[in-house]
Amino acid sequence: MSKSSEYEYKEHRITLASFAQIDQEMGPHELTPVEYAIARRVVHTTADFEFKQLLQFSGEPIMAATVAFQQGATIITDVSMVAAGIRGVAAKTWKSAIIPAIKHAPARVLPHQTRSSEGMRQCLQRYPGAIVAVGNAPTALLSLCAEVANKQASPALVIGAPVGFINVVESKQLLQSLSVPYVLVEGRKGGSAVAAAILNAIMIWTWQQRA
């Protein structure tokens with residue numbers, strides 16, 4: 001997929017002012033520049049500085065994302081809200097195809113399944129090397145982990161940020177046991193906006209560093 005160099009991603013002035021305020025309040029940290037850029041965008045989205053401690057990075061996720069974007073990798077999201085949250089940045093940067101797994105789920109699923117989990121499985125079968133962002137459904141992350149464990153998929157990057165109480169922590173712990181590049185939000189916190197913020201930060205960073 002060819003990428004035009006005429007497009008440059010520019011932040012809105014209010015966003016830049018917010019980033020400046022966040023920089024003043026962020027406090028001490030040991031994040032690398034790109035990890036800080038991700039944390040800052042998540043804090044900007046949530047107004048919650050705790051995410052600075054909750055973000056985990058494994059498997060050189062930024063390098064993995066760069067290679068995947070350059071190769072035209074598809075982005076799979078668990079739900080439409082994550083897809084909506086990244087569409088604008090994707091259009092201004094890598095122009096990646098975005099597929100919400102929920103839209104590819106069968107009309108009916110078995111009682112022990114969810115539409116998100118089945119949709120994720122279907123999408124991974126079609127795009128086994130995709131970039132995947134999960135911001136809502138832990139069952140979608142569990143399905144992804146099962147596909148990876150069974151060697152049916154090898155995603156280029158996984159963003160694990162489901163939110164809630166049931167199977168949320170367990171799904172993230174399972175992701176941590178796999179040898180795939182990931183950015184993870186520890187514990188119960190997360191959400192569609194958080195997953196979108198993480199992936200937006202990665203798209204912007206990799207696009208601006210492409211030269």
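Buried means under 20% relative accessible area, exposed over 50%, and partly exposed in between (1.4 Å probe, protein chains only). The model is predicted: local features need pLDDT of at least 70 and side-chain atom pairs count only at pLDDT 80 or more, while totals for chains, interfaces and linings use all residues. Residues are numbered from 1 along each chain as its sequence is written, and side-chain values use heavy atoms, with hydrogens and water left out.

**Exercise 1.** Determine how many aromatic pairs the whole structure holds, and classify each.

*Solution.* Rings of Phe, Tyr and Trp (its six-membered ring) pair if their centres lie within 6.5 Å; planes under 30 degrees apart count as stacked, over 60 as edge-to-face and the rest as tilted.

Step 1. Trp 94 and Trp 207 are both buried.

**Exercise 2.** Identify which residues lie over the faces of Phe 19 and Phe 51.

*Solution.* A charge sits over a ring if NZ of Lys or CZ of Arg is within 6 Å of the ring centre and within 35 degrees of the ring normal.

Step 1. Over the face of Phe 19 lies Arg 40, at 4.3 Å from the ring centre.

Step 2. Over the face of Phe 51 lies Lys 189, at 5.8 Å from the ring centre.
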